[in-house]
Amino acid sequence: MGNLQPQGTKAEATVPDVTPSYTDDAPHYAARDYPGCFTAEQVRRQLGISCSDGPGQDSPSNRHEKIATPEHHFLPDCICAPLHTRCLDPSSSEGASHDSPTTHINVTLDQLCASSQRGCWFCAAIYGGIRTAPPWDPDLEKETPLLPIFSISAAVDGTTQSSSVSAFGDKERVQEPHLVFYIDGNEATASPCKLFRCKKEPAHTDPHEQLAFTSRALQECLQNHSCVSPVPLPTPTRLLYVQVQDGKYTVRLVHGVPPQPYVALSHCWGDALPVHAKTTRANLSSRASDIPWTDLTQTFRDAVAVTERLGFQYLWVDALCIIQDSPSDWTSEASRMCDVYSNCALLLSADASPNSKAGLFRSANMSTWPWRAGMPAEWGNHAVKVHYDKVHCTFGKMAPMYMPSWKQFQLYPLSTRAWCYQEQSLARRVVHFGVDEVSWDCVGGAECQCGTFGPKGSTFGTHTWKKTAVEGECTPREKHTLWLNTVGQYSELDLSFWTDRLPALSGLAKQYQVPGRMRSGDAEVVIGRDMGKTGTKRNFKEIDLGTYLAGNWSAFLPLDLCWYADYTPGKRLPTVSSYVAPSWSWASVSGMVRWRLGDDDGNDTHELRVELMSARCDLVGADETGQISGGELVLRGRMIPVNLFRGEIEIPGADGLRYAFFHLEGRDPATGEQTDLGHYRPDFYECNNGVKFFAGSHLIWGGPDSRGEGLTPVHDGEYFALDFAASFVVVIRRVRGSHPDAFERVGSIYRGNVGHQWDLSRWFDGVEPLVVKLI
């Protein structure tokens, strides 16, 4: 892109013009030689892969070769035979259905080996590809042993993929990308099997090419989109000033920079960021003159180089621009995160890097080049090649970047981090440094380097509207629902310090506040009774959701309190030494949360059954969206004592895995007998001895009034059921110790989990309402 220079006032120091001149057909802004910038040849040598093929195979010359043909490339009685319907019917069109052909089979490695030895060319190719696969990422230990079961899928585009499949119920297993099999188009003109395409497979892992793609995408956005304000926006308190002097990068910390375009970095710190990579009170003064290159981690070095090569002069990195050992500076800067990321001209997202040592160009370390499947020597024709499948990732496509339930943290470690979710959501332009390519993501559109997504590829599933919603019109209910969706995605993500549970979301929360609306001291919080009526459309920023209360909004507080823990409840976060949130807030637990907004027929059933009298949160600082030190909710409602029991079940087909479930009993007002109150969902659960929580209804093993076998009573406090809303019951426990008159929330029951025939309100017939304080 030649001499791109973002508009704006230059800094006081002059940056020398060291940019070489490029013609239009030359590589644009090719990365300089600096540690962490790898070439394809270097990586091939590291992996032990030859430049032409991959892991070496015995030469087929002077051997008796068997020929794979369209008629003879699998055995009729082989385990793979159901996949070859299209191969048997030459008249069937590519991708067409023929008597509902099988699209995938599950096989074991031993079965593939046996079929290969029997002479099945197809199984030999699959088996050889799996056995000769190099580690997907040499920096990480390859998972061993191989999983015993593999799924072979016949895709409609003619490819065959082989991917590991975990045991039932083991959602924590980390998978490597799928293996894609094909015929090398450089060595053959046709494939004997319709499931193997004949193609050439390019790789996009060269840092020079990645930087060229990024440069072109930025140029396109600058010229044709309106993603970022043309008027320079305010800058953060501190920035890194990047220069090139005598052919070397120099970096120093500057303060009070006037409005300028700047780049920000989103990255994983890892287990322990080196002390020298942080700005502290001790080195703050010296860093105003220079930050030694040796003090920068690889990711920081790469970010400096990319910033300069794209024509920018300023870079923001949290570890370097916030005084890490100053609580007051951290609190002050954390409250500005909305502006830091919303105002940046570009966000560099180190998606594939698990720590600051890995660098941005981690894809250059990964095995994305194809290798030759280790076929038996007698199969000499048709070069079967294998490569790890590409994993396309942009915020705009939402797959799989922000679907953390996939547990693909080995592919995209950044996707599991709560702080980074906010950063990706606020930034208007993002370049994702992924596992096998870079992807561009801006409000104007998303595009990946290989072209699968973008102007010439698919545009399905774009979610960039979430970034532009704040500029449009909506109803109060739509604005609030968008907030609940945001919290739902955020709630499962990880934090190094759980006290950041609210601060890491504060930037997004500020987008939902009415501009200029500030909480004034101890002013009374107005609690709405609207359970979510639609209302009329207005400007997003004009809709007042009320006071922000530990991740909830006072105008919709009745609805906000109807949250429940998802299938894998997290832990109750500490509330003594490191306070996080009151128990009635979703932020008080570490796991994913959801909201029940209506019944299975789409009807809004949250008719409020309690009177919310008051609510408050005690702020640590001046930012009401930041950290808090306490909070309480006072309400008036009907509650009854209940008994909690714990049991364990073994899921059929789950290889002996045991799961815990909970059974809640109360007195039936009609009969006076103790009866099951429904499917109780705990807000949090501590996994003991490998026994996980089972979120499915245990009633399938018994009737609605059956307690089952092996149930043991839970004796850790007095439990009560609170009639909260028409379809929602909150389970609370009396707090012991210093708050004997207070209760904490511990779980919930909602009608969607117990069936429409169960009227939850009938358990409270004849009960007089009481004033209850939740903390």
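1. Cys 338 touches Leu 426, Gly 507, Lys 510 and Gln 511, once residues up to four places away in sequence are set aside, where a contact means heavy atoms within 4.5 Å. The model is a predicted one, in which local features need pLDDT of at least 70 and side-chain atom pairs count only at pLDDT 80 or more, while totals for chains, interfaces and linings use all residues. Residues are numbered from 1 along each chain as its sequence is written, and side-chain values use heavy atoms, with hydrogens and water left out.

2. Cys 338 lies in helix α10, which spans residues 337-342; helices (H or I, at least four residues) and strands (E, at least two) are DSSP runs, numbered from the N terminus. Cys 338 counts as buried because its relative accessibility is 11%, buried being under 20% relative accessible area, exposed over 50% and partly exposed in between, with a 1.4 Å probe and protein chains only.

3. Along the chain, Cys 338 and Ala 509 are 171 residues apart, yet their C-alpha atoms are separated by 8.6 Å.

4. Leu 426, one of the residues that Cys 338 touches, belongs to helix α11 (residues 418-426), which is mostly covered, with nine of its nine residues buried. Among them are Trp 419, Cys 420, Tyr 421 and Glu 423, as well as Leu 426.

5. For the protein as a whole, the secondary structure comes to 15 helices and 33 strands, and 55% of the 775 residues count as buried. Of the contacts with a separation of 6 or more, 72% are between residues 24 or more positions apart.
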